[in-house]
Amino acid sequence: MPNAINIALIPLLPLAGFLLLGLFGKKIFKNSAGIIGTLILLISAGLAIYTAYGYFFDYGKVNDVYQKLIPLKYTWLEFSKDVSIDMGIILDPISAMMIVVVTFVSLMVHIYSLGYMKGEERYSTYYAYLSLFTFSMLGLVLSSNIFQIYIFWELVGVSSFLLIGFYYDRPSAVAASKKAFIVTRFADLGFLIGILVLSFYSGTLDFNTLIQKLTSPESSELKTAIASSFLGVSALTWGLTLVFIGGAGKSAMFPLHIWLPDAMEGPTPVSALIHAATMVVAGVYLVARLFPVFALSAPDALSIVANVGAISALFAAIIACTQTDIKRVLAYSTMSQIGYMMFALGVSKYGGEDGLGYTASMFHLFTHAMFKALLFLGAGAVIHYVHSNDMKDMGGLRKHLPITHITFLLACLSIAGFPLLAGFFSKEEILLAAYQHNAVIYWIALITSGLTAFYMFRLYFSIFWNKAYHAHGEHHGDGGVAMMLPLLLLAAGAVFAGYIPFGHFVSTDGKPLESEFHLSFSIAPVALGLIGILTAMWLYKNENEKPAKLAASLSGLYKSAYHKFYIDELYLFVTKKVLFNLVARPAAWFDKTVVDGLVNFTGNTTQDISERIKGIQSGKVQQYAIYFLVSAVVLALLFIYVWKG
Amino acid sequence: MMQPGLYHLLFISAALFFIGVYGFLTRRNLITMLMSVELILNSVNLNFIAFNKYVWPQRLDGVFFTVFVIAIAAAEAAVAIAIIINLYRSHQSIDVENAEELKY
Amino acid sequence: MNLLLLIGLPLLTAVGVLLSRNTQQVRSIAFAGSALQLILALALIYFFQKERAAGAVAQMLFEQNYALFPSLNINFHIGVDGIAVSMILLTALVVLAGVLVSWNVEKMTKEFYFLLILLAMGAYGFFISLDLFVLFFFLEIAVIPKYLLIGTWGSGKKEYSANKLALMLMTGSSLVIVGILGMYFGNGEHKSFDIIQLSQAGISPAVQKLFFPFLFIGFGIFTALFPFHTWVPDGHSSAPTAGSMFLAGISMKLGGYGCLRVATYLMPQGAQEYSSWIIVLSSIAILYGAFATMMQWDLKYMNAYSSISHCGFVLLGIGMLTKTAITGAVMQMVSHGLMTALFFAVIGMIYERTHTRQINEMGGLMKVMPFTMTVLFIAGLCSLGLPGFSGFVAEMTVFMGSWQNADAFHRIATIIACMSIVVTAVYILRAIGQVAMGPIKETYAGLSDASWNEKLAAIILIIGIVAIGVAPFLLNDLIKPGAEIIMNKISGK
């Protein structure tokens, strides 16, 4: 059986690291913060791998089916007998896989940052934030309770906010961090209401009970949840769609993606960890976590997932072809790849062969973490070298940065789906799942895979080939061991991760899934990928006029793609003009003039009246005496003639 | 010899009362006003005595009250004169028109 | 434990402050008194939970009852339940922090501290009273010093604000006393001010319907019930730092506590009758307050408006009439008290150094005052409901409780309340982004960070916030039995 303490330590060690470095980092661990953070994470990663190994090969399987284990559960906040927020640990194939991914990539980033962030003024703060993020992300993937996942969901959000705004004296970084937080917060509103809906109908917040109650056909909870409807859509579909909105926000799905490109203002290793490999796939993970409910009880909600994923994949790929900031290209590529994972889940069904999409999605999540982290760290090395994010300032770097160049190339090939590399296997599986269940999405996916190959190699050729690079300033080449070791390890992952028989471990129902390989099926995507690569090579290998001409000939499309289809402007209009000027300003005005005005009016009126009648109080004794006398007489007359008896 | 009846006394007391009121309202000199107040009080005293004598001759309440009123009037006069003296010190006058600071 | 200690100690402290000879003595006595009071509050929790664990089932513990005016049946009756205990802890924390941040008050230090401690005593007395007459007495003690605090030590248009605050709160008090008298005379033959007796006797529905609005609006004015909230922005912004902390951290909670303990508990049918009104007004306050906050450029105004929004959750929780929602309302009182006190403390620290409270005149202060800015961050994150801090726990409890009402009206109100978490994030991040982050302005380059007393004050409040945020079950266990009794009364069990 799993050792609960071992597993609990996986997230708790980084938390301890955060507290240690956050409270004492500035004074005591000024220079050793990186080493301490890395060592803590090394232990954590070791425990994670140990746990995952134990789960997959030792105790996880009962009668050939992977079980959902809850080794630890602690009531944190009890609302009623059945409804409570528990702090627990869930151990199932996807969480076991995720803790390995998170700790591994995080460890790589920790090591890489030892070199990349060296000499940074807020070095210890940086490591504290990294530890905080790692803690939150691990807590998220291990959550056994839907409210627990929401808690860690918010915590990863704030760690992301802190890390994007790490260079807090740059206004652009501050703006980006605010944007990221507010956009995801807006999506989380959906998540929160979704939780309220789901918990109301299922009468629980616990994942296992919730899934059980909302999937078994006999359960009365499921019947009420489907029967009660709002605007003609069942309450269950509403709940799941709202939860998905939360997932879409975190995973930068269209149209909630606008924060992700801006989030690249953070330090590059952070982008690799948070905005490529781990946090942004939280949405995918959330849908996967609730997948049985989606697939068995609310297929409508699942088709929303599929469509949003497909649209995002294509949309982001088109934008990625036009961007010149290398990190933004990678950001859009991330969005596109997450779109892949999303629609793979969306087209999947529950159980057996039909559940291929689910397996494929998780598989892609796994391989994507490897090659995308590698791409970001490689981009980091490049940026470290040329001190610029813009690909116009780069070119011909292959001689200057040989190791970066090779690893970057491998990652590009992997993401482009070059045969026998990791990305190839997972992408083939996704395409196969789409082909089996949804023709439209299959075609979108196919086009996107061609575009992916194109923009990745546009990036690759623009950085490492194209014009010759004239180095100026200091020459430090590839960077130290700290920066190169993660690149090499991740490159190994990007090449070999595809050979893991993923279906054996991760499937919808826990039973092993044998994915067979059709050579004939792979011809189309591979051919498209090659066309993409060759086009990119033709356009960008050497400095020439062709790209500019092409852009000019496609001016309308190019321009709108370059401006990200004006989605940002649209948001700005809605928030600035509509919310700010039409809601907030009138609210403040109303408060100042109407509500406060009424209060002041009451005060002023009282004052006015007293101003008018104060003349009676003249200070003349004899006048008072007359008032007194007249009143006494009047009263006497009244008593005598009016109020008799 | 003709004994004065209750109405005679009440008439005198009413006359005294209104003379006092008139004096209080029209005179500007504080001392005179004080005297007017005394007239009013004494008219009340006269009423008490008259009613005591003609309505309940066997009881003494009216007499007691009269004694009370006289005592209070003496005290009042003392206080009032003290006030008037102080007023004179600060205003160099005992005209009531000059003592009107105590207003709104 | 003898509850008289809770009001005796502040009284002693106040007298000690008056008798002391110099500023140094004043400070030390006030500090020692409020520190002891905090220890007392913690001991109270310990003994309370111990009694409960030992099986004490009475609704109120540590009761004492002395006849004060037997012919009118007025008694000095005191006792606490879990709700009162948590409010006492809140008060003790805020008072200690308030004493610490006022360390540098130079003008009439002795009187300043005297009034602070007096105000605190009023609050303690209010929370332990079980007799409405005594409760009202303490309520007034807690109001009047505020007028003097703002009028004398305030800033800006302080006379206006002090008048406005005193008049509006007095209006509230007058409504409250009408409601109390209504209950006293409406209780049939047996006229009584005693909360326990009144709750058992049951006031007739007609009387409840008539007098519930008096009490609820009266106490509601204290806790910024829309549209009677306008004293909040002006009062808070003109008050000295400790004054704002007390005002938002304690005074507004007197209202919430009164709405719950006096209005809702004693007149459950009235509460049911008017619950939809309460919900409408509080949802308006929540969202409208949040939007109005977006337009505030003065830090204190911003926090005051956000208090309106946050106190809306208290009233919403009460209006929702479910056990979880009421628990959430009490949690929100504690949480908001601590959080907003921390916010005002940190605004005070900033103002003392930059001499401005305008958000857009600041920038990049993180560089020169990292501690203060970290505190600002924490206060802000708590305000926008980040897990790990108390605000999240309280708001979520209110949401969960509200959602248990299955009809569309309650649902929509809950969703409106949920929407405020986004708006809150907008204004909090805007303020933090502008004040703490960005390039630093040259004029501020030489500023110093918080001094020891300010640090201590902030740490005390942060410990409270984080403790609730990380271990909400502690507070939940304390509040829940009390909320359950109130709820049983409402549902007529």
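## Chain A as a whole

In this predicted model, 57% of the 645 residues of chain A count as buried. The C-alpha atoms of chain A occupy a box of roughly 120 × 65 × 55 Å along the principal axes. Its secondary structure amounts to 26 helices and 6 strands.

Contacts in chain A can also be viewed by sequence separation. Taking those between residues at least 6 apart in sequence, 79% link residues that are at least 24 apart.

## Contacts between chains

Two pairs of chains touch, and the pair with the most contacts is that of chains A and C. Here 36 residues of chain A meet 36 residues of chain C. On the side of chain A that touches chain C, two or more residues are given by each of S3, helix H5 (146–164), helix H6 (171–202) and helix H25 (567–613) of chain A. H6(A) provides the largest share of that side, with 12 residues. Sorted by class, the side of chain A that touches chain C holds 24 nonpolar, 4 polar and 8 charged residues.

The contact between chains A and B draws on 10 residues from chain A and 9 residues from chain B. On the side of chain B that touches chain A, 6 residues are nonpolar, 3 are charged and no residue is polar. Chains B and C, by contrast, have no contact with each other, and their closest C-alpha atoms are 20 Å apart.

## The S3–S4 hairpin of chain A

S3 of chain A, one of the elements on the side that touches chain C, also takes part in a strand pairing. Strand S3 (residues 69–78) and strand S4 (residues 84–91) of chain A pair in the antiparallel sense, with 7 bridges between them. The link from S3(A) to S4(A) is a hairpin of 5 residues. Two of the facing positions can be named: Glu78(A) stands opposite Ser84(A), and Leu72(A) stands opposite Ile89(A).

Is S4(A) mostly covered or mostly open? S4(A) is mostly covered, with 8 of its 8 residues buried. Ser84(A), Asp86(A), Gly88(A) and Ile90(A) point one way from the strand, while Ile85(A), Met87(A), Ile89(A) and Leu91(A) point the other way, and residues of both sets are buried.

## A helix packing in chain C

Within chain C, helix H13 (residues 323–354) packs against helix H18 (residues 472–491) at an angle of about 130 degrees, and the two axes are 9 Å apart. Because this angle falls between the ranges for roughly perpendicular, 65 to 115 degrees, and roughly antiparallel, over 145 degrees, H13(C) and H18(C) are oblique to each other. Their crossing is right-handed.

H13(C) contributes Lys323(C), Ile326(C), Thr327(C), Val330(C), Met331(C) and Val334(C) to the contact. From H18(C) come Leu475(C), Asn476(C), Ile479(C), Lys480(C), Ala483(C), Glu484(C), Ile486(C) and Met487(C). The classes represented in this contact are 9 nonpolar, 2 polar and 3 charged residues.

## Backbone details

Most residues other than glycine have a negative phi, and most peptide bonds are trans. One joins Phe254(A) and Pro255(A), with omega at about 0 degrees; Pro255(A) belongs to the loop between helix H9 (235–250) and helix H10 (259–262) of chain A. Another joins Phe226(C) and Pro227(C), where omega is also about 0 degrees. Pro227(C) is in the loop between helix H8 (205–222) and helix H9 (231–238) of chain C.

Positive phi values occur in chain C at residues other than glycine. Phe62(C), in strand S1 (residues 61–69) of chain C, has a phi near 55 degrees. Phe62(C) counts as buried because 20 C-beta neighbours lie inside 10 Å, and the cut-off for a buried residue is 20 or more. His355(C) has a positive phi of about 60 degrees and lies in the loop between H13 and helix H14 (370–383) of chain C. His355(C) is exposed because 9 other C-beta atoms lie within 10 Å, and a residue with 12 or fewer is exposed.

Terms used. Residues are numbered from 1 along each chain as its sequence is written. Chains are lettered from A and ligands numbered from 1 in the order in which they are written. This is a predicted model: local features need pLDDT of at least 70, side-chain atom pairs count only at pLDDT 80 or more; totals for chains, interfaces and linings use all residues. Two strands pair if DSSP finds at least two bridges between them. Helices (H or I, at least four residues) and strands (E, at least two) are DSSP runs, numbered from the N terminus. Two residues are in contact if their C-beta atoms, placed from the backbone, lie within 7 Å. Axes are lines fitted to C-alpha atoms, for helices over the stretch in contact, and angles run from 0 to 180 degrees between N-to-C directions. Angles under 35 degrees count as roughly parallel, over 145 as roughly antiparallel, 65 to 115 as roughly perpendicular and the rest as oblique. A crossing is left-handed if the near helix is turned anticlockwise from the far one by less than a right angle, and right-handed if clockwise. Ala, Val, Leu, Ile, Met, Phe, Trp, Tyr, Cys and Pro count as nonpolar, Asp, Glu, Lys and Arg as charged, and the others, Gly among them, as polar.
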